[in-house]
Amino acid sequence: MSKIAFIGLGHMGGPMAANLVKAGRDVHGFDLVPALRDAAAADAVKIAPTAADAVRDADIVITMLPAGKHVLSVWQEILSLAKTGALFIDSSTIDVESAHKAHELAQQAGVASVDAPVSGGTGGAKAGTLTFMCGGADAAFASARPVLEHMGKKIVHCGGAGAGQAAKICNNMILGATMIATAEAFVLAEKLGLSHQALFDVASTSSGQSWSLTNYCPVPGPVPASPANNDYKPGFAAALMLKDLKLSQQAAASSGAATPMGATAAQLYALFNAAGHADDDFSGIIRFLRGEG
Ligand code: NAD
């Protein structure tokens, strides 16, 4: 049976590795944090003493790490140990520049590579229903797909190297901006004496419609499953939204794209995070816009 190495067994990587085991795969994991190694071992992931040990003889190597600097440092450490014909998949959300560098490092080592960031959060990671946005050569994507299918239900090939990360940050820039616009509209409606339900009923079937409104409504009531009904517990934490908006701003600056709405969204989420709301759901920004602190 082919061997999979899984590096980074945190909030996302832990349940993703567990789903690979459930699908009958031979998974060898490593994380710097001993408690996370123990938790993964309880899910029948075979724990390696180091990342290098996990990678030796692996056919597929998956990384799920915090940021670009971690991915580059881990890939630099392990690529030279990779088996001939191995495939490297990075599912972390990282900056596009680092994603390109990771692909270059893999190419220099003669290893196929795919950037495959995800959406769907920890719930999707546990349920195996993540969306994977993939960048890389056709052959590398074709090899990655059956593995990703054990962890997700939608696997999209977005283009060549870095295209998965590009898709992820463009999508989340839309999400951040539409959430703020939706929250502002509810705050204005409150001032005008218009009920939340009336605005929802009109906008959800009119041109103001968006995922932020119909799936993740920032006021309690109209969408019972939205975090607004659960005191804005995440969900998708404001800290992660800020991370993704900063990545999109970094990409906009280096590519020369004008993204004034994205820049404003990044600034507003920076203020919201700095006001002590990093662990709140990102839709909680409506309370900040009302001036509730
Ligand atoms: P996390 O911090 O829980 O997990 C990252 C893990 O990487 C940690 O356990 C850490 O110990 C480990 N790590 C760091 N350096 C390492 C090294 N050198 N060797 C081995 N392990 C190392 O983060 P997470 O929530 O699992 O997110 C992982 C990635 O997925 C991030 O890039 C994040 O932006 C992205 N993401 C997260 C969510 C979410 O809802 N949490 C959703 C979509 C995407």
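The model is predicted, so local features need pLDDT of at least 70 and side-chain atom pairs count only at pLDDT 80 or more, while totals for chains, interfaces and linings use all residues. Residues are numbered from 1 along each chain as its sequence is written, and side-chain values use heavy atoms, with hydrogens and water left out.

Start with the division. Domain 1 covers 3-160 and domain 2 covers 166-289; these bounds come from an automatic or database domain assignment. Taken over C-alpha atoms, the two centres are 29 Å apart. Domain 1 puts 10 residues into the contact and domain 2 puts in 9, where contact means heavy atoms within 4.5 Å.

Next, the interface. About 750 Å² is buried between domain 1 and domain 2, with 66% of it on carbon and sulfur atoms. Buried area here is the accessible area (1.4 Å probe) that two parts lose on being put together, summed over both. On the side of domain 1, Thr 93, Asp 95 and Val 96 supply 51% of the area buried against domain 2, more than any other three residues.

Now the backbone. Helices (H or I, at least four residues) and strands (E, at least two) are DSSP runs, numbered from the N terminus. Gly 193, which follows α8, has a positive phi near 75°.

Most residues other than glycine have a negative phi, and most peptide bonds are trans. Ala 44 has a positive phi of about 70° and sits in the loop between α2 and β3. Asp 57 also has a positive phi, near 70°, in the loop between α3 and β4. The Pro 234 to Gly 235 peptide bond is cis, with omega near 15°; Gly 235 lies in the loop between α10 and α11.
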